Amino acid sequence: MPNGRIVLGIESSCDETGAGIVSDGRLLAHAVASSMDEHARFGGVVPEIAARAHLHSFTPVVQEALSQAGLRLSDLDAVAVTTGPGLAGALQVGLAGAKTLAYAAGVPLYGVHHLAGHVAADTLEHGPLPDPCMVLIVSGGHTSLLLVRDLVRDPIIHLGDTVDDAAGECFDKVARVFGLPYPGGPAIDRAARAGNPCAVAFPRPLTGAKDDPYAFSFSGLKTAAARWAEKHRIAGAELPVADGAAALQEAVADVLTRKALAACRAYEVGTLVVVGGVAANSRVRSLAEERCAAAGVELRVPPLTLCTDNGAMIAAVGDLLVRAGAAPAQLSVSIDPSAPLEYAALHPAAVPAPARAA
């Protein structure tokens, strides 16, 4: 048995049902069920399908995590769950299940912000986050640049966000135009291996002298890639998918790392943490390594299995909250599908029932 308190984390914000168990910063178990294959024929996540998949996967995933750790429900000391942001129906399934487990085990429940979970995922591989550190979150729905101090005690300072398409969303949409399968990020990465990243001069959005230095925009890049593909098809020419994928990937990686390193210099921060699903992209990782090494900045990126959505990252936040003595949520806690990232703990108040007419 672990010496510290044992925290079960539940993640269900999108199309992965995740359960992870953490004790004193150590990952004990990690189980994920994905409904990605069910969404693939639609070219994107269908909320109703995702919610139903969570219903089917919740209990088996939790049981698998407990089995991996050699634990029973009665061994838990706390339950942490994603309460936002995410798909409303998907979040509801995870929260209802987490409330049930916490009540049955007689342990406190912690509501966790999904993006704070991505930040905390790195601690499971590399230990406590430096104070301060710069965090670049890149995923299908989020591209954010954050200044993080104590993750569970201090406010998280938002330096910039995407103003339209996130990096992962850009990959998904362009992959469809290129005739590549869903999810687009891994497909673009695979195709790019045989391509020339200099073959197409795709734009680098919001990198001009007058642009917001920490804001991101990938909608124009998506449109540029679509028009490039359209020109080839109108001309009856074969589309050089590998070159297009390599050039697109290079543009995304260039913008992400350029802005992240600029923020490190401006705020005199010596550590960059890159997290989220797009952190698994090979070019994003390699270019970040090159530029961080040149700038004398330490780079921290979680292992590939912890980049995409998972319960371990939520358990990591819950573990930090427990060790910090943070107040747990009430069982009346609700979801917040569009929650801003201000603190790691996310405990939206339950909406009161409307008064009945006399």
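Buried means under 20% relative accessible area, exposed means over 50%, and partly exposed lies in between (1.4 Å probe, protein chains only). The model shown in these views is predicted: local features need pLDDT of at least 70, side-chain atom pairs count only at pLDDT 80 or more, and totals for chains, interfaces and linings use all residues. Residues are numbered from 1 along each chain as its sequence is written, and side-chain values use heavy atoms, with hydrogens and water left out.

**View 1. The salt bridge of K173 and D165.** A salt bridge is a side-chain nitrogen of Lys or Arg within 4 Å of a carboxyl oxygen of Asp or Glu. K173 and D165 meet this way, at 3.5 Å from N to O. K173 counts as partly exposed, at 30% relative accessibility. D165 is buried, at 7%. The structure holds 12 salt bridges.

**View 2. The salt bridge of D254 and R204.** The closest N and O atoms of D254 and R204 are 2.9 Å apart. This pair links distant parts of the chain, 50 residues apart: D254 sits in helix 9 (residues 241-266), and R204 in the loop between helix 7 and helix 8 (219-234). Helices (H or I, at least four residues) and strands (E, at least two) are DSSP runs, numbered from the N terminus. D254 is buried, with a relative accessible area of 6%. R204 is partly exposed, at 26%.

View 3. The side chains of E290 and R283 form a salt bridge, 3.2 Å from N to O. E290 is partly exposed, at 45% relative accessibility. R283 is buried, with a relative accessible area of 19%. Elsewhere, salt bridges that share partners join D165, E169, K173 and K222 into one network.

**View 4. Aromatic rings.** Rings of Phe, Tyr and Trp (its six-membered ring) pair if their centres lie within 6.5 Å; planes under 30 degrees apart count as stacked, over 60 as edge-to-face and the rest as tilted. The whole structure has four aromatic pairs. F216 and F218 are stacked, because their ring centres lie 6.4 Å apart and their planes meet at 15 degrees. F216 and F218 are both buried. K259 lies over the face of F216, 5.8 Å from the ring centre. For such a contact, NZ of Lys or CZ of Arg must be within 6 Å of the ring centre and within 35 degrees of the ring normal. F178, F202 and W228 form one aromatic cluster.

**View 5. The largest pocket.** A pocket is an open set of points on a 1 Å grid over the protein atoms alone, where a 1.4 Å probe fits, with protein on both sides within 12 Å along at least five of seven lines; lining residues have an atom within 4 Å of a point. The volume of the largest pocket is about 1200 Å³. Its lining has 49 residues, with S139, G140, G141, D172 and G277 nearest the centre. Helix 6 gives the most to this lining, six residues. By type, the lining divides into 17 nonpolar, 21 polar and 11 charged residues.

**View 6. The second largest pocket.** This pocket holds about 340 Å³ of space. Of its 18 lining residues, T123, P128, L129, L320 and R323 lie nearest the centre. Helix 11 supplies the largest share of the lining, four residues.

Methods:
Points joined across faces, edges and corners; volume = space filled by probe spheres on them. Nonpolar A, V, L, I, M, F, W, Y, C, P; charged D, E, K, R; others polar.
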